[in-house]
Protein chains: 2
Amino acid sequence: MDPVDEIQAQWRRHRPDLDVEAMGPIGRLGRIVHYLTREMDRNLAQFGLTAASFDVLAPLRRAGPPYSLSPGDLLATMMITSGTLTNRIDQLEKAGLVARAPNPDDRRSFLISLTEAGFATIDAAVTSHVETQKRLLSILPEEEQAALDPLLRSFLAGVAARASG
Amino acid sequence: MDPVDEIQAQWRRHRPDLDVEAMGPIGRLGRIVHYLTREMDRNLAQFGLTAASFDVLAPLRRAGPPYSLSPGDLLATMMITSGTLTNRIDQLEKAGLVARAPNPDDRRSFLISLTEAGFATIDAAVTSHVETQKRLLSILPEEEQAALDPLLRSFLAGVAARASG
DNA sequence: TCCACTTATCTTGACATCAAGATAAATCAG
DNA sequence: CTGATTTATCTTGATGTCAAGATAAGTGGA
């Protein structure tokens, strides 16, 4: 009886007409992600970053030289609204981790680039970040990790297909 | 190559020293939950609820008669801070879905109860909510659902043990 | 060329959340 | 019984997010 089982049991007692089967896996997914997120956030905080700022710096870093992308490029990878991204870039610009420059290809747009400080920060943070992820995933025995990933792949593919197309 | 694979491939090219294996399953978990959450939120919105308000009303409903709990009882089930809960209860009270009454057992505390309107709202919402969950989970073929849940159970148990004890 | 339409980004206003601290009541040791 | 500590909830101030709309520049057909 994990906490999700308890919740299902309560519903079964007080709303026996409901089919609460799906609540099990979906509830567990949510809780797992909640805990993982909290740990990853704690780790990033050591570098002065939040998940939000990490998610802007990381695409710039992994894009390779010259470490610059337009807000639109960033948005495409990020499941947030444009206003949120504007705000995140503002904060990172104030912190000196990125710089805005005019986009020579499109005067409506900008190029957001890592500064030297931004490069150093994301490089150190991502090194620690992947170690944290490895540690968190290793909570699950290796055979179970191996069994889990194909299922997540399948689920994500289905869910994304339904969301976008 | 799903979007998470693309991100890993970029890191491997530009930071070949990193072990980005764990990013795969952890990234997929996050994205799956993001999509599921969005769908569930949309469904709840039809009842004038958010995930936040649902998460207060639901424990009251499944507690059974007299459908009342203290803020502390609610907090224990809810992974949020006390200030957030205060605010949620304030909103629900304004909306007429719950009522605050003094707690006869402890004068520091209150009893939060479903009003008639609150009861009707959560009863309709949860009926639709479990149907939505069932529909979302059925994106995954049944054998894969059956394989997934034990893995999530194991992962949640490990992660929760690490978080709390 | 010109106008309508689309695209890229930013702005505004409302709201939910958290961390930290305040308040008040309960508990417990002596 | 008293003072110190703990517990339960609320308050405050800062921040991040979104939805909707504004602004400005690019695009394409007549």
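Copies are superposed here by least squares on the C-alpha atoms of residues with pLDDT of at least 70 in both. With that in mind, start by selecting chain A and chain B of this predicted model, and note that a rotation of 180° with 0.0 Å of shift along its axis brings chain B onto chain A at an RMSD of 0.0 Å. That is the relation of a two-fold axis, and the same surface serves both copies, since 100% of the contact residues of chain B recur in chain A.

Next, select the residues of each chain that touch the other: 62 residues of chain B are in contact with 62 residues of chain A. Between them the two chains bury about 6,500 Å², and 72% of this area lies on carbon and sulfur atoms. Within chain B, pick out B:Arg62, B:Met79 and B:Phe155, which lose the most area to chain A and together account for 11% of what that side buries.

Now turn to the polar side of the interface, where 8 salt bridges are counted between chain B and chain A, along with 16 residue pairs in polar contact, both residues being at pLDDT 80 or more. To see one of the salt bridges, display the side chains of A:Asp149 and B:Arg28, which meet at 2.9 Å, N to O.

Finally, colour chain B by element: α1 (3-14), α2 (23-45), α3 (51-62), α6 (116-137) and α7 (142-164) are the elements that each give two or more residues to the side touching chain A.

How values were computed: Residues are numbered from 1 along each chain as its sequence is written. Chains are lettered from A and ligands numbered from 1 in the order in which they are written. Side-chain values use heavy atoms; hydrogens and water are left out. Contact means heavy atoms within 4.5 Å. Buried area is the accessible area (1.4 Å probe) that two parts lose on being put together, summed over both. A salt bridge is a side-chain nitrogen of Lys or Arg within 4 Å of a carboxyl oxygen of Asp or Glu. A polar contact is a pair of N or O atoms within 3.5 Å; within protein, one must be able to donate a hydrogen and the other to accept it, and residues adjacent in sequence count only if both atoms are side-chain atoms. Helices (H or I, at least four residues) and strands (E, at least two) are DSSP runs, numbered from the N terminus.
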